[in-house]
Amino acid sequence: MKDGNIKIIQTSRRRCFFRNEQPLMRFDVMNFEPHNFHNCSLTLEIAGIGIVGRRDIPKLNHHVGDLEFRIDTARLCCGSHLMAAVLECGGNTLVRQEFLIDVVPAPEPDRMEFWHWPSTVHYDALEAGGETAERELDKLEALGVTWSQFRAGWAVEHPDGAVALIEKAMKRGIQLGILIENTAGGIFRAGPDAPAEALRINPDGSRSEFLNPYHPYTQEKARFLIRRLMALFAEFPACSTMFMNSELEDKLKLPCDPESVAHHEAAMGVKLSRLRSLERVFAESYPDIPELAPGVVSASDPELKYARYYFEEGDGWTPINRLMAETARQARPDLATIADPLRLAPLPARFDGLGTVSSWTYTNPDPKLTLFVETLAAAARRGNREFIHTITLWNYAGTLTPCGSDRFAREFTLRMGPDRWKECAWINFSRGPQALGCYFGSPIEAFFEGGDPAIFSPATESAIAEFNREVLKPFGALARATCNLPRRAAVLDCFTSRVYGRVPRSHAHYQNYQIYDFYTMMNMAQIPADVIFEEDVLEDALERYELLALPAADTLPEPVYRRIVEFARRGGTVIADRWLRAEVPGVIRFGFDFSYRRNVNANAICRGSDFAVADDTNFRSEWGGEVAVDGVTADEDQRRLETFAAEMRERLDGVVRRDFDCSSPRILCNMRTGGRLRYLFAVNDRRTWDERSGKYRAMMEKGVPEHGVWKIGPFAQPPFVRELLTGQTPDCRSVGGGFYEFKLELPAAGGRIMAISETPPGELVLRAAPLPEAFSLDLRIKDGEDTVRPVRLDIYRPDGILSEYSGVRPVRDGVLSLTVPLAAGDPEGPWRIEAADLAGKGMCSIIWERKKETER
């Protein structure tokens with residue numbers, strides 16, 4: 001037999017596995033000898049384990065395929081393993097072929113992910129392959145990224161390269177999913193092969209560069225792409241996300257071919273000819289309002305019905321994304337389907353059919369704008385979805401430092417500083433999102449090194465890695481396992497006021513940010529509030545609340561207005577800014593003027609002028625040059641906000657019932673609950689000027705420590721308080737009425753998580769028992785029923801190495817059961833297991849002895 005005349009080919013594509021899988025390994029045997037072999041066998045063996053399976057081959061002619069072996073990765077320790085497929089005949093080895101496989105720790109199913117929102121340079125680096133791709137993955141790993149994406153179009157053309165990326169990322173703890181891009185070649189873009197009849201017809205009758213989303217060609221194009229992607233990558237569990245990047249939503253517009261027009265008019269019950277314009281992206285509202293009464297319009301108003309239909313179905317964004325998500329889930333029901341943004345209209349139905357609502361936030365002039373996470377949480381609640389809020393490190397030219405007429409000038413586009421990033425991260429983290437998102441921006445991509453540190457801020461990368469290591473990794477699962485303590489206040493984000501209204505936008509952000517100046521005041525006054533939508537009001541959501549805020553809500557639809565009046569008449573408190581025009585009984589009005597906030601930027605402060613238009617839904621040809629403005633410094637902005645918050649507190653104290661209070665308006669709080677156990681998340685918002693851009697006085701980016709006095713209650717007995725990150729147990733003193741106070745210092749740009757329990761924490765009991773090739777751990781917390789408690793579990797192997805099954809876990813109802821597999825290479829001897837209740841004082845440890853097989 002000539003050397004190499006028999007080949008064993010591994011036909012299963014996977015070579016990297018999580019340590020909880022039982023994957024199938026498939027092989028073909030190819031015989032290039034001029035004769036057949038009889039009574040052969042193919043044996044699969046793995047170093048350290050031995051033979052894991054044997055398949056008989058009665059007759060080996062030129063080809064025998066689909067020889068399958070099931071392997072149990074739990075029997076393998078994490079790392080690389082040599083696997084050999086051995087073909088034998090008549091006791092003789094015909095060929096032995098060796099392969100390397102890798103086993104990596106399985107991700108905790110309830111962890112909070114850290115998502116690298118995609119950007120161009122990231123793709124260029126990954127698709128370049130070789131050392132460049134490795135560098136990018138190394139950088140993401142160093143930052144603590146656990147979710148990222150590669151481009152669908154590239155992956156279809158280079159499937160082997162995409163598979164290699166998926167498995168290289170797995171070894172770094174990164175799950176690499178798929179991006180459905182909407183730039184050149186995207187789903188909504190018309191390629192050279194698109195039939196003319198599939199092009200979108202614009203309202204003026206011209207053909208667009210975009211496809212008509214209602215045309216069968218477009219829909220089949222979307223289905224075909226997703227089916228191809230699933231055929232290529234569905235077998236890879238680490239390919240766990242599909243992100244539909246839909247940023248071009250503001251370019252889609254309404255298809256106006258005759259068939260689509262008929263569809264639109266039937267769905268709306270409105271003739272398009274009755275509408276003022278079909279070309280809108282709703283960046284501005286109509287100031288002339290067909291009112292039924294001051295500040296009240298009919299819910300059947302044609303413009304209002306059109307605007308709602310446009311976003312929920314009409315422009316095609318929702319139906320195409322829904323179609324792609326449904327197609328993907330047919331192959332992978334567990335796939336996380338993500339789309340963004342939610343920036344132009346507060347309509348949660350825009351995300352129908354998707355698993356995750358997502359958007360991003362620019363935090364100029366103030367990191368408290370990250371509170372926009374509440375809008376995403378509200379949209380997710382309505383569809384039982386997840387939400388991800390992305391921190392944008394990008395700071396356009398002219399915001400932190402003054403610049404000329406080019407808003408995209410790279411030498412003036414600065415990355416966010418480390419302390420502002422940490423504050424933004426803490427705010428998002430405290431709401432328990434599916435993932436903490438972070439956008440680096442193409443010109444300031446994390447991949448770049450060696451650039452101007454004043455622009456690229458390497459300290460920010462260090463802050464990101466530290467936060468992920470010290471906060472997100474140990475406590476992300478706890479944040480997700482808890483939920484907001486039911487809030488007594490709600491803030492209405494009124495869609496109708498985005499269509500009709502006279503409220504000026506107070507800063508250069510998107511329409512959905514209109515409520516957030518007022519919402520920030522409520523947060524600084526320690527009045528936690530849910531964001532609600534018109535749909536919620538019509539479904540009787542106001543029955544859950546005692547207070548309703550109406551910021552930037554100068555125009556209400558009549559059915560919503562009627563519910564608000566009923567709420568006020570039955571004793572509910574209604575507060576509003578100076579823009580409310582509708583008559584509401586007993587409304588408490590605040591005259592806050594936030595219009596100056598547009599001018600808290602470096603151009604306005606240093607040059608006395610700024611871009612006439614500066615948001616991302618407008619384009620260079622529409623910006624219209626610059627206008628003269630009076631700049632306002634960031635410290636003056638903060639002073640005014642604190643003055644407004646003090647007025648709100650003074651007027652609402654005694655009106656608002658509180659579950660907690662804090663002495664400082666510079667500490668932002670959110671109370672979450674794990675059953676009988678409460679968790680008070682506190683974020684330090686006290687800042688001053690930094691050395692990098694502080695001289696321009698447009699942003700206070702440097703954190704400063706802050707002391708706070710918290711009031712909590714009511715409790716029937718003195719509560720036990722423990723801070724999770726430091727283990728501090730501040731003393732609580734009674735202030736009467738079942739309320740208690742305690743003091744704590746927050747670090748600069750940092751946060752704290754305070755566990756609050758009315759009953760003393762119970763003791764821990766830990767037991768271990770042998771299982772075949774594993775042992776079970778059973779943890780019990782006395783009086784732990786109806787609680788979620790963070791327990792640090794440290795499992796030390798006999799050689800002193802910490803097992804990958806160690807970590808902080810949220811223990812529900814006082815019970816945690818865990819199976820720890822034993823790899824063939826794990827040493828025999830005593831395993832030490834230690835458990836500590838981070839929300840209490842309980843600790844325990846046991847020794848479990850792994851004995852030789854003959855001693856069992």
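**Exercise 1.** Does Gly186 count as buried or exposed, and at what relative accessibility?

*Solution.* The structure is a predicted model.
Step 1. Locate the residue: Gly186 is found in the loop that connects strand E11 (175–180) with strand E12 (199–201).
Step 2. Apply the cut-off: a residue is buried when its relative accessible area is under 20%. Gly186 has 3% relative accessibility and therefore counts as buried.
Step 3. Identify its contacts. With neighbours within four places in sequence left aside, Gly186 is in contact with Glu181 and Lys221.
Step 4. Asp783 is 597 residues from Gly186 in sequence, and their C-alpha atoms are 55 Å apart in space.

**Exercise 2.** Determine which residues of strand E28 (residues 573–576) lie on each side, and which strands pair with E28.

*Solution.* Step 1. Recall a general principle: side chains in a regular strand alternate between the two faces of the sheet.
Step 1. Assign the sides. Thr573 and Ile575 lie on one side of E28, Val574 and Ala576 lie on the other, and all are buried, so that both faces are covered.
Step 2. Find the pairing strands. Strand E26 (residues 547–550) pairs with E28 in the parallel sense over four bridges; here Leu550 has Ala576 as its bridge partner. Strand E29 (residues 588–589) also runs parallel to E28, and two bridges join them. In this case Ile575 has Ile588 as its bridge partner.

**Exercise 3.** Classify the ring pairs Phe27–Phe99 and Tyr510–Tyr513 by the angle between their planes.

*Solution.* Step 1. Begin with the whole structure, in which a search finds 35 aromatic pairs.
Step 1. Consider Phe27 and Phe99. Their ring centres are 5.6 Å apart and their planes stand at 55°, so this pair is tilted. Phe27 belongs to strand E3 (residues 24–31) and Phe99 to strand E8 (residues 92–104), so the pair ties together parts 72 residues apart in sequence. Both Phe27 and Phe99 are buried.
Step 2. Consider Tyr510 and Tyr513. With centres 6.0 Å apart and planes at 50°, this pair is tilted. Tyr510 counts as buried because its relative accessibility is 2%, and Tyr513 counts as buried at 2%.

**Exercise 4.** State which members of the largest nonpolar core touch the most other members.

*Solution.* Step 1. The core holds 153 residues, and Ile180, Trp421 and Met522 touch the most other members.
Step 1. Helix H12 (residues 458–481) supplies the largest share of this core, seven residues.
Step 2. Another core, of 28 residues, lies apart from it and includes Phe17 and Met83.

How values were computed
Residues are numbered from 1 along each chain as its sequence is written. This is a predicted model: local features need pLDDT of at least 70, side-chain atom pairs count only at pLDDT 80 or more; totals for chains, interfaces and linings use all residues. Side-chain values use heavy atoms; hydrogens and water are left out. A nonpolar core is a set of buried Ala, Val, Leu, Ile, Met, Phe, Trp, Tyr and Cys residues joined through side-chain atoms within 4.5 Å. Buried means under 20% relative accessible area, exposed over 50%, partly exposed in between (1.4 Å probe, protein chains only). Contact means heavy atoms within 4.5 Å. Two strands pair if DSSP finds at least two bridges between them. Rings of Phe, Tyr and Trp (its six-membered ring) pair if their centres lie within 6.5 Å; planes under 30 degrees apart count as stacked, over 60 as edge-to-face and the rest as tilted.
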